[in-house]
Amino acid sequence: MSTRNGPRKAEEIFAATLGLLAEHGYDKLAIEAVAARSGVNKTTLYRWWPSKDALLAAALRDSGLFAVDIPDTGSLRGDLLAVATQIHRLLTSKRTAPVVTATLTAGPRRPELGDVARSFFADRMAREEPIFDRAIARGELRDGVDPVLVMDLLAGAIWFRSLLRGGEADAKFLEQVVDTVLGGAA
């Protein structure tokens, strides 16, 4: 039996997929292992997702593990600060950081992961779009500003600081990033 949006045990399948990814890395992630861990027949997995990449994309996009609340604080600055805090949490949480690391380290060697990343971030941007629509309606953001660029600048700074520089992205840093993105560096 299945639900309208996927198999009945989708959350178990996604948890198994992301757990195995974090434990063994992308190269050792296998449909058979996901089937065994989730208690689902591998033919069910292939019926819904034709490849490991399709399954991983769905798990990253649809799993509750990476769920974020789209804030409505009443201001663009407040909304972006709330999103920045959530991004930082996802990059540093014991539950999510290993999945992020495994996905990032596999990326350069697996070009097909680019499709997974594009799917994940396109979905995330679609969910964040109301933040920018509200900001334009309130007169806080000029029409024509590219929301993708704003989110790339914001998230990129957090990712870079947290994952590549190994530095702490504390609350003060997150405020500085949001203020710099909104105000510009000059």
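Visitor: Is helix 4 mostly covered or mostly uncovered?
Guide: In this predicted model, helix 4 is mostly covered, with eight of its 11 residues buried.

Visitor: Which residues are buried there?
Guide: The buried residues of helix 4 are Lys52, Asp53, Leu55, Leu56, Ala57, Ala58, Ala59 and Leu60.

Visitor: What do they pack against?
Guide: The buried residues of helix 4 pack against helix 1, helix 2, helix 6 and helix 7.

Visitor: What about Leu18, which residues does it contact beyond its neighbours within four places in sequence?
Guide: Leu18 is then in contact with Leu56, Ala59, Leu60, Ser63, Leu65, Phe66 and Val99.

Visitor: Now the largest nonpolar core: which residues touch the most other members?
Guide: The core has 55 residues, and Leu18, Phe66, Leu80 and Phe132 touch the most other members.

Visitor: Which helix gives the most to this core?
Guide: Helix 5 does, contributing eight residues.

Visitor: How does helix 5 pack with helix 8?
Guide: Helix 5 (residues 76-92) and helix 8 (residues 147-164) pack at an angle of about 35°, and their axes are 10 Å apart. Their crossing is right-handed.

Visitor: Which residues of the two helices meet?
Guide: From helix 5, the residues include Leu80, Val83 and Ile87. Among those they meet in helix 8 are Val150, Leu154 and Trp159.

Visitor: How many residues in that contact are nonpolar, polar or charged?
Guide: The contact of helix 5 with helix 8 has 12 nonpolar residues, two polar and no charged.

Notes. Residues are numbered from 1 along each chain as its sequence is written. This is a predicted model: local features need pLDDT of at least 70, side-chain atom pairs count only at pLDDT 80 or more; totals for chains, interfaces and linings use all residues. Side-chain values use heavy atoms; hydrogens and water are left out. Axes are lines fitted to C-alpha atoms, for helices over the stretch in contact, and angles run from 0 to 180 degrees between N-to-C directions. Helices (H or I, at least four residues) and strands (E, at least two) are DSSP runs, numbered from the N terminus. A crossing is left-handed if the near helix is turned anticlockwise from the far one by less than a right angle, and right-handed if clockwise. Contact means heavy atoms within 4.5 Å. Ala, Val, Leu, Ile, Met, Phe, Trp, Tyr, Cys and Pro count as nonpolar, Asp, Glu, Lys and Arg as charged, and the others, Gly among them, as polar. A nonpolar core is a set of buried Ala, Val, Leu, Ile, Met, Phe, Trp, Tyr and Cys residues joined through side-chain atoms within 4.5 Å. Buried means under 20% relative accessible area, exposed over 50%, partly exposed in between (1.4 Å probe, protein chains only).
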